[in-house]
Amino acid sequence: MINSKTASKDSILQCAVINNITRSSAYPDIKAGGEFLFDNVLWPVMPEESQQNIKIMNSLFRAIDKTYRCCSRFLAIRYDFHLPQYSPDNRVITAFHKLLIPALRKLYPKSFMRVFWVREQNKAPAQHYHYLLMMDGNVVRHPHKINQLVKCYWKHATVGRVWLPKHGYYLVTRDDTEALTALLLRVSYFAKRYSKTHIADGIDLSGTQHYSCLKKARRIKPAQLQINPAASVPAQKHCPLPGKLDPLFAEKESQFSGEQIEYETPEDLFKYVTT
């Protein structure tokens, strides 16, 4: 992650070089309430120090850091997931991923998917989730199609609803300090403490998964055609004119000439692409 260390006598004497990243002006309506130290850098975050869940904050920053290091740019999309009823575990996330990840892999086979989620519950009878999806920004740069899939599959898996926050996505390019700082400030909201204190012991408060991009199918070279000259049949047996094999090939092609390709309806096509 970005860390512009300075080499001075004073810094050499220090145990760690700490740089305070300037607060981003990309979204001035999002205010920082505190700071968080990660990779020897003080980052502006939304929860003040006393309200930070340090374990979740570290895990969240590590997930974004791994994404930042693995590609020249990445797309990060933030969602809020709501449920109609309480569940004592997080199996709804697993059920959701079983639908979403194969669909994303079909649409964007050259992109990875890394997700991070947190579970929260305030006064509502059911828990809700904050969710971050990160993908290769060289493959996908806008979340419109992804948003449609997320809303469809969350509803199908949980009968719940998805809220799309304003300015809910970030395209972060390597060495773009402002975009990275804006993203970290925005999602640091995930690591606030007060909405997680009433969750029963033994229930995971957060989780992260990485899904690598699909590997290209290995190309298999066709076997070389072996011809036994003694057993070969002259072309004249199949074609009246020597060297003219068109009728022979036309006979094979005629087997497919009567087949008609049925065009899928938009609904069928969407189902084919996303399942």
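1. What is the volume of the largest pocket? The largest pocket has a volume of about 150 Å³. Before going further, please keep in mind that this is a predicted model, in which local features need pLDDT of at least 70, side-chain atom pairs count only at pLDDT 80 or more, and totals for chains, interfaces and linings use all residues. Residues are numbered from 1 along each chain as its sequence is written, and side-chain values use heavy atoms, with hydrogens and water left out.

2. A word on how the pocket was found. On a 1 Å grid over the protein atoms alone, a pocket is an open set of points with protein on both sides within 12 Å along at least five of seven lines, and lining residues have an atom within 4 Å of a point. A cavity, by contrast, is a set of points where a 1.4 Å probe fits but cannot get out. Grid points are joined across faces, edges and corners, and the volume is the space filled by probe spheres set on the points.

3. Now to the lining itself. N53, K55, I56, S59, L205 and S206 line the largest pocket. Helix α2 (residues 54–70) gives the largest share of this lining, three residues; helices (H or I, at least four residues) and strands (E, at least two) are DSSP runs, numbered from the N terminus. By type, the lining has two nonpolar residues, three polar and one charged. Here Ala, Val, Leu, Ile, Met, Phe, Trp, Tyr, Cys and Pro count as nonpolar, Asp, Glu, Lys and Arg as charged, and the others, Gly among them, as polar.

4. Which residues of α4 are buried? They are I146, N147, L149, V150, Y153, W154 and T158. These cover an arc of only 160 degrees around the axis, which puts them on the same side of α4; the arc is that of the directions from the helix axis to the C-beta atoms. An α-helix has 3.6 residues a turn, so residues three or four places apart point the same way. The face of α4 turned away from its buried side carries the exposed residues K145, K155 and H156. Buried means under 20% relative accessible area, exposed over 50%, and partly exposed in between (1.4 Å probe, protein chains only).

5. I146 and L133 are 13 residues apart in sequence, with 9.7 Å between their C-alpha atoms. After α4 comes V159, whose phi is positive, near 60 degrees.

6. Rings of Phe, Tyr and Trp (its six-membered ring) pair if their centres lie within 6.5 Å; planes under 30 degrees apart count as stacked, over 60 as edge-to-face and the rest as tilted. The ring centres of Y79 and Y131 are 6.4 Å apart and the planes are at 55 degrees, so this pair is tilted. It links distant parts of the chain, with Y79 in strand β4 (residues 73–82) and Y131 in strand β6 (residues 128–136), 52 residues apart. Both Y79 and Y131 are buried.

7. W117 and Y129 make an edge-to-face pair, because their ring centres are 5.8 Å apart and their planes at 75 degrees. W117 sits in strand β5 (residues 113–120) and Y129 in strand β6, 12 residues apart. W117 and Y129 are both buried. One aromatic cluster is formed by Y79, F81, F96, W117, Y129, Y131 and W154.

8. Most residues other than glycine have a negative phi, and most peptide bonds are trans. N40, although not a glycine, has a positive phi of about 65 degrees; N40 is in the loop between β2 (34–38) and β3 (41–45). H167, also not a glycine, has a positive phi of about 50 degrees and lies in the loop between β7 (161–163) and β8 (169–173). N40 is partly exposed, at 27% relative accessible area, and H167 is partly exposed, at 39%.
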